[in-house]
Amino acid sequence: MTNTKTHPSAQTNYRDYAAPQRADAADTVRAFYQINHTMQTLDFVRSKKAQYLSFKQAVMTPWAALDFLNTLVDDSDPDIALPQLDHLLQTAEAMRANGEPDWMVLTGFIHDLGKVLCLFGEPQWAVVGDTFPVGCAYSNKIVYAEFFASNPDSKRAELQTQLGIYSAHCGLENVHMSWGHDEYLYHLMRPHLPLPALYMIRFHSFYAWHREGDYQHLCNAQDDAMKPWVQRFNPYDLYSKNPNPPKLAELKPFYEDLMAKYLPSEVQF
Ligand SMILES: [Fe+2]
Ligand SMILES: [Fe+2]
């Protein structure tokens, strides 16, 4: 199972799990999804929400959290081993160069900030990688879907119907997604950013929905209206992965001002 798309100008294949851009990545990514798909159960997601969504882990400035991200290499990413902050800067700078609205540039700059979960001791399989609904049948469009056979939920018949615990068109806001940086940052940013930004953050790794078109039976009118924003976000996340790091020192004042416009000076993580 691969998700491959070719950038029209660069002719570079990203998200090709059989031929990753990182020479060392194929085995790492496969092993990552084996454990991710085995461990992300409905009960696990509920326990992590109970643990983290009261935001009592730490109080940090947004910059302190970004600095931490620079110590992390994402095992689920077949394409890049750049420091996380460089990826965020590249994503945001590509948006800025295209004249995207400032809240979207900010969203690009912070979209992976939820990976601070690693700072709180979470393993990568509970932080990164493609996301998917739990509590209902798995789409076969999910990368490495064969590994769901070893997920305990696959033996619970009530969780393996098309709707599972949900009702038709209940809206994604009522769906439990696999736990990770997307879900965590979405809840953290809810008071601060507009709805399209929140969709970009929560669903940027939900490829089975925004790229493959699955899970429409769970979606409502709001989800349909917001999906184009998630799709607009995606190429910046994928194709701004450039091995030449942008210059943080020059750009820092701009992003400090942008964060000050939308975010509190200290964030309760
Ligand atoms: Fe991400
Ligand atoms: Fe990203």
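Author: A crossing is left-handed if the near helix is turned anticlockwise from the far one by less than a right angle, and right-handed if clockwise. The model here is predicted: local features need pLDDT of at least 70, side-chain atom pairs count only at pLDDT 80 or more, and totals for chains, interfaces and linings use all residues. Residues are numbered from 1 along each chain as its sequence is written, while chains are lettered from A and ligands numbered from 1 in the order in which they are written.

Reader: How are α4 and α5 oriented, roughly parallel or roughly antiparallel?

Author: Helices (DSSP runs of H or I, at least four residues) and strands (E, at least two) are numbered from the N terminus. Axes are lines fitted to C-alpha atoms, for helices over the stretch in contact, with angles from 0 to 180 degrees between N-to-C directions. The axes of α4 and α5 lie 7 Å apart, at an angle of about 165 degrees. Therefore α4 against α5 is roughly antiparallel (over 145 degrees; under 35 is roughly parallel, 65 to 115 roughly perpendicular, the rest oblique).

Reader: Is the crossing of α4 and α5 left-handed or right-handed, and how many charged residues does the contact have?

Author: α4 passes α5 in a right-handed crossing. Leu88, Thr91, Ala92, Met95 and Arg96 of α4 make the contact with Met104, Val105, Gly108, Phe109 and Ile110 of α5 (contact: C-beta atoms, placed from the backbone, within 7 Å). Seven are nonpolar (Ala, Val, Leu, Ile, Met, Phe, Trp, Tyr, Cys, Pro) and two polar (the others, Gly among them), and the number charged (Asp, Glu, Lys, Arg) is one.

Reader: How many of the nine residues of α5 are buried?

Author: Met104, Val105, Leu106, Thr107, Gly108, Phe109 and Ile110 are buried (20 or more other C-beta atoms within 10 Å; exposed is 12 or fewer, partly exposed in between). Their cover includes α3, α4, α7, α9 and α10. α5 is mostly covered, and its buried count is seven.

Reader: How do α5 and α7 lie, roughly parallel or oblique?

Author: The two axes come within 10 Å. They cross at roughly 20 degrees. That angle makes α5 and α7 roughly parallel.

Reader: How many polar residues are in the contact of α5 with α7?

Author: The crossing of α5 and α7 is right-handed. Trp103, Met104 and Thr107 in α5 meet Ala197, Met200 and Ile201 in α7. Five of these residues are nonpolar and none is charged, while the polar count is one.

Reader: How does α7 pack on α9, roughly parallel or oblique?

Author: α7 (residues 195-203) and α9 (residues 221-239) have axes 9 Å apart. The packing angle is about 60 degrees. That makes α7 against α9 oblique.

Reader: How many residues of the contact of α7 with α9 are nonpolar?

Author: α7 passes α9 in a right-handed crossing. From α7 come Leu195, Pro196, Tyr199, Met200 and Phe203, which meet Met226, Trp229, Val230 and Phe233 in α9. No residue here is polar or charged, and the nonpolar count is nine.

Reader: Is Gln162 buried or exposed?

Author: Gln162 is found in the loop between α5 and α6. Leaving aside neighbours within four places in sequence, Gln162 contacts Cys136, Ala137 and His217. With 11 C-beta neighbours inside 10 Å, Gln162 counts as exposed.

Notes: Two residues are in contact if their C-beta atoms, placed from the backbone, lie within 7 Å.
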